[in-house]
Amino acid sequence: MSEELENLQEELDAATVALESARKEAADNLDGWKRAKADYANREKDLVREKSEIIKFANARLLLEFLAVYESLCEAIKNTEDGGTALIKKQFEDLLKKYGLEKIKTLGEQFDYNLHEAVGTEKSDPSVGAGSPRPAVPGEIIKEIQSGYKLHGETLRPAKVIVAE
């Protein structure tokens with residue numbers, strides 16, 4: 001009987017070791033599955049964010065082409081200012097703004113290489129200090145050669161400017 005108890009004890013010990021091994025393997029598998037699930041969820045979030053960015057800036061090239069037409073319209077309006085053309089200009093501006101396009105401020109602003117492209121410098125003259133009677137500060141934009149635009153906060157086309165020396 002003692003030998004039988006000893007065999008049963010050995011079988012019980014072996015079963016306990018096997019059970020602990022199976023529990024550890026199950027826990028490892030569960031941890032791996034949880035990590036994989038978290039990685040998948042993070043990738044899904046990344047894909048949604050990337051898709052949103054692609055959609056947000058998908059119209060950039062089209063808007064750049066519209067800008068050329070818009071700026072021609074603005075030049076034409078300067079020469080023939082009437083209510084009808086001003087209304088068309090306003091509608092065009094509203095449409096561009098609706099798609100996230102905004103004009104970059106220039107005159108009187110400090111030069112920022114993220115927003116502006118300096119095409120020249122000039123000595124400060126009180127008559128050109130952003131329309132004020134004071135001389136322009138060095139680095140201040142005193143003339144705009146071509147308007148610049150941002151699309152959803154990102155520079156689409158930098159403004160071409162003249163900067164005070």
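Which residues does Tyr70 touch, not counting residues up to four places away in sequence? Tyr70 touches Lys89, Phe92, Glu93, Leu96 and Tyr149, where contact means heavy atoms within 4.5 Å. Welcome to this predicted model, in which local features need pLDDT of at least 70, side-chain atom pairs count only at pLDDT 80 or more, and totals for chains, interfaces and linings use all residues. Residues are numbered from 1 along each chain as its sequence is written, and side-chain values use heavy atoms, with hydrogens and water left out. Helices (H or I, at least four residues) and strands (E, at least two) are DSSP runs, numbered from the N terminus.

**The nonpolar core**

- The largest nonpolar core has 13 residues, and Leu63, Leu67, Tyr70, Leu96, Leu101, Leu151 and Leu156 touch the most other members.
- Two or more residues of this core come from each of α2 (60-79), α3 (83-98) and β4.
- Helix α2 gives the largest share of this core, seven residues.
- Such a core is a set of buried Ala, Val, Leu, Ile, Met, Phe, Trp, Tyr and Cys residues joined through side-chain atoms within 4.5 Å; buried means under 20% relative accessible area, exposed over 50%, and partly exposed in between (1.4 Å probe, protein chains only).

**Aromatic rings**

- There are two aromatic pairs, counting rings of Phe, Tyr and Trp (its six-membered ring) whose centres lie within 6.5 Å, with planes under 30 degrees apart called stacked, over 60 edge-to-face and the rest tilted.
- Phe66 and Phe92 are edge-to-face, because their ring centres are 6.2 Å apart and their planes stand at 80°.
- This pair links distant parts of the chain, with Phe66 in helix α2 and Phe92 in helix α3, 26 residues apart.
- Phe66 is partly exposed at 34% relative accessible area, whereas Phe92 is buried at 15%.
- Ring pairs join Phe66, Tyr70 and Phe92 into a cluster.

**Salt bridges**

- The structure holds 11 salt bridges, each a side-chain nitrogen of Lys or Arg within 4 Å of a carboxyl oxygen of Asp or Glu.
- Glu71 pairs with Arg157, their closest N and O atoms being 2.5 Å apart.
- That bridge links distant parts of the chain, from Glu71 in helix α2 to Arg157 in strand β5, 86 residues apart.
- Arg157 is buried, with a relative accessible area of 15%.
- Arg23 and Glu20 also form a salt bridge (3.2 Å, N to O); both lie in helix α1, three residues apart, about one turn of the helix.
- Glu53 and Lys56 meet in another salt bridge (3.9 Å, N to O), and they too are three residues apart in helix α1.

- Thr106 sits in the loop between β1 (101-103) and β2 (116-122), and it counts as buried at 7% relative accessibility.
- Leaving aside neighbours within four places in sequence, Thr106 is in contact with His116, Ile141, Glu144, Ala159 and Val161.
- Val163 belongs to strand β6 (residues 159-164) and is buried at 7% relative accessibility.
- From C-alpha to C-alpha, Val163 and Thr106 are 9.9 Å apart in space, and they are 57 residues apart in sequence.
- Not counting residues up to four places away in sequence, Val163 touches several residues, including Phe111, Ala118 and Ile142.

**A backbone detail**

- Most residues other than glycine have a negative phi.
- His152 has a positive phi of about 50° although it is not a glycine.
- His152 is found in the loop between β4 (149-151) and β5 (154-157), and at 33% relative accessibility it counts as partly exposed.
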